[in-house]
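Here is a brief report on the structure shown below.

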Amino acid sequence: MQDIFAWLVSLLVIEPLEARLAEKLQAAHVPEAIVAQVQDCARTAAPVIVNRITTDPLWGLQTAVRVWVGTTSPDIVLADAVPACRPVAESAQPFLRGRAA
């Protein structure tokens with residue numbers, strides 16, 4: 001049963017989050033080295049996020065809605081959910097916020 005739930009979370013939350021993050025990084029012309037680091041971190045973070053949603057479904061629902069409506073950014077979700085990813089996510093933020101060329 002838990003495997004099915006993890007699969008659903010991956011399908012409905014993790015994959016869209018990763019896709020939206022990749023889309024934002026590409027649109028912001030983030031250097032490939034940073035993109036690769038962010039994507040690696042996102043893949044590593046997936047089980048952590050699945051576990052968090054499993055133990056706190058309300059957080060998962062709120063986070064998914066916030067990303068979907070645009071009140072939060074996937075890089076922020078990544079940094080908040082997995083503190084080890086914070087430096088990588090922060091390295092992309094100037095590009096995502098339009099403050100780097």
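## Disulfide

The link of Cys41 and Cys85 is left-handed, with -110° about the S-S bond. Cys41 lies in helix α2 (residues 32-55) and Cys85 in the loop between α4 (74-81) and α5 (86-96), so the pair ties together parts that are 44 residues apart in sequence. Helices here are DSSP runs (H or I, at least four residues), as strands are (E, at least two), numbered from the N terminus. The S to S distance in this disulfide is 1.7 Å. A disulfide is a pair of cysteine sulfur atoms within 2.5 Å. By this rule the count is 1.

Both Cys41 and Cys85 are buried. Buried means under 20% relative accessible area, exposed means over 50%, and partly exposed lies in between (1.4 Å probe, protein chains only).

## Basis of the model

The model is predicted: local features need pLDDT of at least 70, side-chain atom pairs count only at pLDDT 80 or more, and totals for chains, interfaces and linings use all residues. Residues are numbered from 1 along each chain as its sequence is written, and side-chain values use heavy atoms, with hydrogens and water left out.

## Salt bridges

Side chains of opposite charge can pair when their charged atoms come close. The whole structure holds 2 salt bridges. The term requires a side-chain nitrogen of Lys or Arg within 4 Å of a carboxyl oxygen of Asp or Glu.

One joins Arg43 to Asp40, with the closest N and O atoms 2.6 Å apart. These residues are 3 apart in helix α2, so about one helical turn separates them. Asp40 is partly exposed, at 43% relative accessible area. Asp80 and Arg86 form a salt bridge at 3.6 Å, N to O. Asp80 is partly exposed at 45%. Arg86 is partly exposed too, at 32%.

## Aromatic rings

How many aromatic pairs does the structure hold? The count is 0. To pair, rings of Phe, Tyr and Trp (its six-membered ring) need centres within 6.5 Å; planes under 30 degrees apart count as stacked, over 60 as edge-to-face and the rest as tilted.

The ring of Trp59 does have a charge over it: the charged end of Arg52 sits 4.1 Å from the ring centre. The rule asks for NZ of Lys or CZ of Arg within 6 Å of the ring centre and within 35 degrees of the ring normal.

## Nonpolar patch

Ile4, Trp7, Leu8, Leu11 and Leu12 make a nonpolar surface patch of about 520 Å². Patches take residues with over 30% relative accessible area and no salt bridge; like charges are joined within 9 Å, nonpolar side chains (Val, Leu, Ile, Met, Phe, Trp, Tyr) within 5 Å. Areas come from the Shrake-Rupley method with a 1.4 Å probe; for residues, only the protein chains shown count as cover.

Leu8 sits in helix α1 (residues 2-27). Leu8 is partly exposed, with a relative accessible area of 35%.

## Backbone and distances

Most residues other than glycine have a negative phi. His29 has a positive one, near 55°. His29 lies in the loop between α1 and α2 and is exposed, at 64% relative accessible area.

Ala92 and His29 are 63 residues apart in sequence, yet their C-alpha atoms are 9.9 Å apart. Ala92 belongs to helix α5 and is buried at 1% relative accessibility. Leu96 is in helix α5 and is buried at 16%.
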